Amino acid sequence: MSHIPNVYDAEPIPAAAMEDVSRILRSGDLFRYTSDNSPVALLEAEFAALMGSKYALAVSSCSAALFLSLKALDLPKGARVLIPAFTFGAVPSAVVHADFMPVLCECGDNYRINLDDFEAKIDLVDAVIISHMRGHTSDMDEIMAICSAYGKPVIEDAAHSLGTTWHGRNIGTIGKVGCFSFQSYKMLNAGEGGIMISDDADLIARAVIMSGAYEHNWKKHPVLQDAFAKWQNKLPLYNQRLNTLSAAIIRPQLAELPRRVANGRRNHDHVATQLNHSPWLAVPEKLAPEERAPDSIQFNLVGMSDAQIHDFIAATTDAGMKVQVFGQSTDNARAFWNWQFIERIPQLPRTREMLMRACDVRLPARLNLDDCDIIAQIIVEAAEQVMTPELAIA
């Protein structure tokens with residue numbers, strides 16, 4: 001077989017970013033509030049315009065954005081927050097960090113929220129975080145209708161979904177707040193970092209102050225000044241600001257986003273077509289209103305016993321490629337039963353069953369179709385080897 005594609009390296013940082021980074025390093029100006037024209041402020045304005053939102057706040061991570069969003073909602077002490085059981089451990093962690101209680105909702109074998117379980121639990125919670133996990137968007141029409149009927153605010157965890165649309169509308173702009181990641185494996189790469197967007201001036205004002213805009217640094221944000229003034233000195237400072245170097249690295253990548261989205265979707269669909277030809281592999285269909293921006297692919301193993309799943313993982317590893325099965329490890333941060341920092345982990349049999357057979361493979365946008373063919377071939381041949389051993393012997 002040809003070379004095994006490297007699915008972990010990120011794309012090179014654009015030259016324009018390197019020029020700005022050099023300028024910043026020469027000046028030593030790494031703090032976002034030193035000037036009115038900080039790269040962080042410019043990033044916030046450019047990102048808000050790109051997404052079609054009024055306001056943006058750049059912070060140290062998507063986890064920080066989720067945490068600040070929860071705190072900015074001014075929820076009651078001990079509030080309960082409904083989250084999907086299929087998400088990254090950072091999401092329930094943000095809820096716990098905010099001194100609230102995560103309430104887990106079942107997800108189906110298409111990786112999306114089970115709406116019956118969601119509606120059954122909505123009246124028991126104070127707010128909702130919708131994780132578009134690995135870029136899979138749940139039915140936002142139904143979710144928003146349910147949350148509106150019960151008066152529950154919605155935060156979108158769009159860490160994996162920058163560039164995804166729902167009925168043509170950018171994911172992250174549907175709920176009250178949208179939170180995004182700039183971690184290295186995301187569409188925009190600063191190593192670490194995050195950003196939140198909203199049209200709610202008062203909410204953003206609270207988040208800005210809590211992010212670390214002490215004294216009158218909030219005046220360097222283009223939000224209604226009255227919204228800031230009433231919260232001056234009344235909110236704690238959590239100091240979760242983004243630094244100027246990270247913003248300088250991200251800004252030139254904004255222009256690259258359409259290409260990365262298009263190439264990521266092409267790569268995903270190309271591999272999905274080949275996997276779906278196998279009787280032992282199934283890639284769930286996207287929902288009709290959704291146009292995805294994937295940088296990975298997820299698929300379910302069909303008809304395999306636990307022993308055969310173990311052999312499948314071994315076969316792909318032997319072929320030089322890592323396939324992660326979310327539930328088949330003792331410490332995967334996406335398996336809800338490993339979140340031992342939360343109280344009373346529920347059973348959630350539907351989600352557990354899905355995670356025990358749901359596979360995850362990175363497909364960065366920088367790969368070409370030949371790379372994608374190699375990845376698909378390894379996966380398909382590993383499934384055939386496990387499920388038809390007589391063919392492997394022959």
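**Ground rules.** I am working from a predicted model, in which local features need pLDDT of at least 70 and side-chain atom pairs count only at pLDDT 80 or more, while totals for chains, interfaces and linings use all residues. Residues are numbered from 1 along each chain as its sequence is written, and side-chain values use heavy atoms, with hydrogens and water left out.

Helices (H or I, at least four residues) and strands (E, at least two) are DSSP runs, numbered from the N terminus. I then followed the open sheet, in which 7 strands take the order S1-S9-S8-S5-S4-S2-S3 with mixed pairing. Its edge strands, each pairing on one side only, are S1 (55-59) and S3 (101-105). Neighbouring strands of this sheet are turned by 20° against each other on average, direction ignored.

**Helix H3 and Ala64.** I noted that helix H3 (residues 62-72) lies across S1, S2, S4 (127-131), S5 (154-157), S8 (177-181) and S9 (194-198), and runs at about 160° to S8. For angles, axes are lines fitted to C-alpha atoms, for helices over the stretch in contact, and the values run from 0 to 180 degrees between N-to-C directions. Ala64 has its place in H3, and I found Ala64 buried, with a relative accessible area of 3%; buried means under 20% relative accessible area with a 1.4 Å probe and protein chains only, exposed over 50%, and partly exposed in between. Leaving aside residues up to four places away in sequence, Ala64 touches Val59 and Gln240, where contact means heavy atoms within 4.5 Å. I also checked Ala64 against Thr351, 287 residues apart along the chain, and their C-alpha atoms are separated by 26 Å.

**Strand S14.** Is S14 (residues 358-362) mostly covered or uncovered? I found S14 mostly covered, with 5 of its 5 residues buried: Ala358, Asp360 and Arg362 lie on one side, Cys359 and Val361 on the other. S12 (residues 296-301) runs antiparallel to S14 and is joined to it by 5 bridges, and Ile297 has Val361 as its bridge partner in S14. S13 (residues 324-325) also pairs with S14 in the antiparallel sense, over 2 bridges, with Asp360 as the partner of Gln324.

**Helix H13 and its neighbours.** I looked up H10 (residues 257-275) against H13 (residues 369-387), and they pack at an angle of about 30° with their axes 9 Å apart. The contact includes Arg266 and His270 of H10 and Asp373 and Ile379 of H13, and its residues divide into 7 nonpolar, 3 polar and 2 charged. Here Ala, Val, Leu, Ile, Met, Phe, Trp, Tyr, Cys and Pro count as nonpolar, Asp, Glu, Lys and Arg as charged, and the others, Gly among them, as polar.

H11 (residues 306-318) packs on H13 at an angle of about 140°, with axes 9 Å apart, which makes H11 oblique to H13; angles under 35 degrees count as roughly parallel, over 145 as roughly antiparallel, 65 to 115 as roughly perpendicular and the rest as oblique. Among the residues that meet are Phe312 in H11 and Met387 in H13.

Conventions
Pairing = 2+ DSSP bridges.
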